[in-house]
Amino acid sequence: MSEQFGNNQSVVVENRPGAGGGIGASYVLGAKPDGYTLHFANSGVLALPVMLKAYADFNPVEAFTPISLLAYTPYVILVPANSPTKNLREFIAMAQARPAPLTYSTAGNGSSGHLAAVLLALTAGIRLQHVPYKGSSPALTDVMGGQVQINFSTIVTAMPYAQSGRLQFLAVTSPQRAQVLPAVPTIAESGLPKYEALGWYVLMVRAGTPAPILARIHGGIVGALKDAAVRERLIKDGAEVVGNTPDEAARFLKAEIARWGAVVKSAGIKPE
């Protein structure tokens, strides 16, 4: 990205975790709207907290201007290696046949995996019991141990467990098969054509940043996403590269919030 801006412009990544992404967002809002401080946000720290009203002091969708949707990532549905279900159709049939709901683990209440599982239950007409954990690692550990029956995770997190034979993939949640998992079917291919759940990454700046600055940053970002090494790394981690316009990114964000907001309302999900 430094090369795209020229003049040996350095890019410094500064992690500011906490408060569901609110600390990092607040830091960017405290900087001048001059394009030198950017907000790298994903669905878990931007759209979901907006829907769950986790931000008390500001609405990040109104406080920021999107530059580009960088990439999206499907989730994978995982079951223990010794699970009796070998595909999603079999899992849904098992869930429909049991009087008690099957359990699923996630990285926490209101997480992307939580909402993806809720959407599956609503779409398939099955009952699933949420078992939230403090992080993805313990959530996956208990799936491997058989304490819970299913998990929704990112590809990059789940891949080592599947490659070692401790977990198996049932499906990916994107409209198309993931490039890094061409043998794993989509949920749509598994009998639920209206299902789609994506994690995504968007680059933003403070609202009020001048248009010429937005245009320059956008050009640098799109140029970086065309780099073969960058694309290869993103695809290896399970992502699908996008790099769209600011207007397209804004429309995408608005649509995602509306779509998942309906899921939150239907399921009665509340922030912890």
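**Reading a fold, feature by feature**

Mentor: Start with one side chain. Trp200 has a relative accessibility of 2%, so Trp200 counts as buried. Buried means under 20% relative accessible area, exposed over 50%, and partly exposed in between, with a 1.4 Å probe and protein chains only. This is a predicted model: local features need pLDDT of at least 70, side-chain atom pairs count only at pLDDT 80 or more, and totals for chains, interfaces and linings use all residues. Residues are numbered from 1 along each chain as its sequence is written, and side-chain values use heavy atoms, with hydrogens and water left out.

Trainee: How many helices and strands does the protein chain have?

Mentor: Helices (H or I, at least four residues) and strands (E, at least two) are DSSP runs, numbered from the N terminus. Here the protein chain has eleven helices and eight strands. The chain has 272 residues, and 47% of them count as buried.

Trainee: What share of the contacts in the protein chain with a separation of 6 or more comes from residues 24 or more positions apart?

Mentor: A contact means heavy atoms within 4.5 Å. Of the contacts with a separation of 6 or more, 76% join residues 24 or more positions apart.

Trainee: How many aromatic pairs does a search of the whole structure find?

Mentor: Look at the rings of Phe, Tyr and Trp (its six-membered ring). They pair if their centres lie within 6.5 Å; planes under 30 degrees apart count as stacked, over 60 as edge-to-face and the rest as tilted. The search of the whole structure finds two pairs. Phe40 and Tyr201 are stacked, with 5.7 Å centre to centre and 15° between the planes. Phe40 sits in strand S1 (residues 39-42) and Tyr201 in strand S7 (residues 198-206), so this pair ties together parts 161 residues apart in sequence. Tyr201 counts as partly exposed, at 27% relative accessibility.

Trainee: Which aromatic pair is edge-to-face?

Mentor: Trp200 and Phe252 form that pair, with 5.8 Å centre to centre and 85° between the planes. Trp200 lies in strand S7 and Phe252 in helix H11 (residues 246-267), so the pair ties together parts 52 residues apart in sequence. Phe252 is partly exposed, with a relative accessible area of 23%.

Trainee: Which residues line the second largest cavity?

Mentor: Pro66, Leu69, Trp200, Val202, Ala249, Phe252 and Leu253 do. So both members of the edge-to-face pair, Trp200 and Phe252, are in this lining. S2, S7 and H11 each supply at least two lining residues. H11 gives the largest share, three residues. Count Ala, Val, Leu, Ile, Met, Phe, Trp, Tyr, Cys and Pro as nonpolar, Asp, Glu, Lys and Arg as charged, and the others, Gly among them, as polar. The lining then has seven nonpolar, no polar and no charged residues.

Trainee: Now the strands. How many residues of S3 are buried?

Mentor: Five of the five are buried, so S3 is largely enclosed by the rest of the structure. Leu102, Tyr104 and Thr106 cover one side, and Thr103 and Ser105 the other.

Trainee: How many bridges join S3 to strand S4?

Mentor: Two strands pair if DSSP finds at least two bridges between them. Five bridges join S3 to S4 (residues 128-132), and the two run parallel. Thr106 stands opposite Pro132 in S4. Strand S3 (residues 102-106) also pairs with S5 in the parallel sense, over two bridges. There, Ser105 stands opposite Asn151.

Trainee: In what sense do S2 and S5 pair?

Mentor: Strand S2 (residues 64-80) and S5 pair in the antiparallel sense, over four bridges. Tyr75 stands opposite Thr154 in S5. Strand S5 (residues 150-154) is mostly covered, with four of its five residues buried.

Trainee: Which residues are buried in helix H8?

Mentor: In H8 (residues 155-163), they are Ile155, Ala158, Met159, Tyr161 and Ala162. The buried residues of H8 pack against S2, helix H7 (136-144), S5 and strand S6 (167-172). Gly165 follows H8, with a positive phi near 85°.

Trainee: How far apart are Lys236 and Ile155 in space?

Mentor: They are 9.4 Å apart, C-alpha to C-alpha, and 81 residues apart in sequence. Lys236 is found in helix H10 (residues 228-236). Lys236 is exposed, with a relative accessible area of 64%.

Note on methods
On a 1 Å grid over the protein atoms alone, a cavity is a set of points where a 1.4 Å probe fits but cannot get out, and a pocket is an open set with protein on both sides within 12 Å along at least five of seven lines; lining residues have an atom within 4 Å of a point.
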